[in-house]
Amino acid sequence: LDLRAEDLRNIGELGSGNGGTVTKVEHIPTKKIMAKKVVLIDAKPAVRKQILRELQIMHDCKSQYIISFHGAFVADPHICLCMEYMDKGSLDGIYKKHGAIDIDIVGKIALAVLEGLAYLYDAHRIIHRDIKPSNILCNSRGQIKLCDFGVSGELINSIADTFVGTSTYMSPERIQGAQYTVKSDVWSLGITLIELALGRFPFADSGDGSDSDFSDLEGTLAPRNKGDDSTVHYGQQRPLSEAVPLPPPRRRKQQSKKQQMSKKEKRKSKGVSLQGGGMMMSILELLQHIVNEPAPRLTPEGKFPRESEDFVDICLKKDPDARATTKELLKHPWIMRSRILEVDLEGWAEEL
Ligand code: ATP
Ligand code: MG
């Protein structure tokens, strides 16, 4: 399919993120409905061409767990990617509208994500790099598929130049500068699953400004070991500056970094910052929290099946060597059970 900008008719905006905007479009010649993602990139024409070449791999990504790809073209200074339109949108939108997602459905989601990750890696040696609820899409047939995976190294580089490429689904080892591996995706999956099952981002509020109440942080910033006095206690409301203790010298360094942040960076980091009592937890502090504090868990204990708690725990081992691989997780009892469990995903999706 030879896609051209003039053949696409805009139907409506689906959403936008750090990297770009996604629009529902009709490809007029074929009457096909697609999702068009427009990404602003900071790259020379030769690099843009290279990106388009690399994106061609997406045509070969054929799996029921991966969004299908229709094509890409350059619309200076943007690159447009046209992909399968998923009529129920992404899981972040779904849980924000309908609340926490039932754990049996979360199990099916975990299975779909693992199958998608395993496919990308086994068939194409692709590491996703951006697993999070907004990159897991649903349609009214009850299908769950991954989008926005790191298929083009040049695209990753070009976007990284235009915005702060840090996200709060990032694993501790990535925050500390280690290479991306499939295990980093496993961490992000663990965070994502907690978010879906609890109906809120496990480290903080959703960042959309709708609920920046401090109560939201209870249990979120709380340690695994409630008796540990060095960290925050359940039910105590403290300013975030206290809730996230930072060693003074590093903190000073971070603050000066923060002060040096450009306007653009500030805008970008706003979405993941926490505001409360006049204090702001910047993304830098949040990243430091992920590195220094115990990983979040599927809590309160006993609310969810033990197997699901265990699954999340092994996704969120802070040491990547101790963390499970996608392959191992596909054999985990919770996933084995999810696989055979009869869940009416189509019925669930229809209600959305
Ligand atoms: P970020 O830029 O931080 O990765 P994001 O994933 O929300 O955040 P985009 O990838 O630009 O940002 O997507 C914006 C929104 O568009 C998503 O949240 C999703 O709801 C919607 N969307 C993306 N792709 C599709 C698609 N293929 N079909 C339907 N909706 C889509
Ligand atoms: Mg996305």
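Predicted model: local features only at pLDDT ≥ 70, side-chain atom pairs only at ≥ 80, totals over all residues.
UniProt positions are given here in the numbering used for this structure, feature names are shortened, and annotations may be inferred rather than shown by experiment. With that understood, UniProt places the feature "binding site", from an unreviewed entry, at Lys-37.

Residues are numbered from 1 along each chain as its sequence is written, and chains are lettered from A and ligands numbered from 1 in the order in which they are written.

Let me begin with the overall layout. The protein contains 14 helices and nine strands; helices (H or I, at least four residues) and strands (E, at least two) are DSSP runs, numbered from the N terminus. Of its 352 residues, 40% count as buried. A residue is buried if 20 or more other C-beta atoms lie within 10 Å of its own, exposed if 12 or fewer, and partly exposed in between, with C-beta atoms placed from the backbone. Two residues are in contact if their C-beta atoms, placed in that way, lie within 7 Å. Among contacts with a separation of 6 or more, 65% come from residues 24 or more positions apart.

I return now to Lys-37. This residue is found in strand β3, and it counts as buried because 23 C-beta neighbours lie inside 10 Å. Leaving aside neighbours within four places in sequence, Lys-37 is in contact with Gly-20, Val-22, Leu-81 and Met-83.

Next, the ligand. Which residues are closest to ligand 1? They are Gly-15, Gly-17, Val-22, Ala-35 and Ser-134, out of 23 residues that surround ligand 1. A residue is counted as near a molecule if its C-beta atom, placed from the backbone, lies within 6 Å of it. Strands β1 (8–16), β2 (20–27), β3 (32–40) and β5 (78–84) each supply at least two residues of this shell, and β1 gives the most, with three. By class, the shell has nine nonpolar, eleven polar and three charged residues. In this scheme Ala, Val, Leu, Ile, Met, Phe, Trp, Tyr, Cys and Pro count as nonpolar, Asp, Glu, Lys and Arg as charged, and the others, Gly among them, as polar.

I turn to the interior. In soluble globular proteins, nonpolar side chains tend to be buried together. A nonpolar core is a set of buried Ala, Val, Leu, Ile, Met, Phe, Trp, Tyr and Cys residues joined through C-beta atoms within 7 Å. The largest such core here has 72 residues, and Ile-109, Ala-110, Val-113 and Ala-197 have the most contacts inside it. Apart from that core lies another, of seven residues, among them Phe-201, Phe-203, Ile-283 and Leu-284. Beyond four places in sequence, Ile-109 is in contact with Leu-91, Ile-136, Ile-144 and Leu-196.

Helix α3 (residues 103–124) has 22 residues and reaches 31 Å from its first C-alpha to its last, close to the 32 Å expected at 1.5 Å a residue; the expected span is 1.5 Å times one less than the number of residues. Helix α10 (283–292) is mostly covered, with eight of its ten residues buried. One of these is His-289, which counts as buried because it has 21 C-beta neighbours inside 10 Å. The C-alpha atoms of His-289 and Ile-191 are separated by 14 Å, although the two are 98 residues apart along the chain.

Finally, the backbone. Most residues other than glycine have a negative phi, and most peptide bonds are trans. Where are the cis peptide bonds to be noted? One joins Asp-76 and Pro-77, with omega about 0 degrees, and Pro-77 lies in the loop between β4 (69–75) and β5. Another joins Thr-299 and Pro-300, with omega about -5 degrees.

Positive phi values also occur. Lys-31, in the loop between β2 and β3, has phi near 60 degrees, and this residue is exposed, with 7 other C-beta atoms within 10 Å. Arg-125, which follows α3, has a positive phi near 55 degrees. Arg-129 has phi near 80 degrees and lies in the loop between α3 and β6 (136–138).
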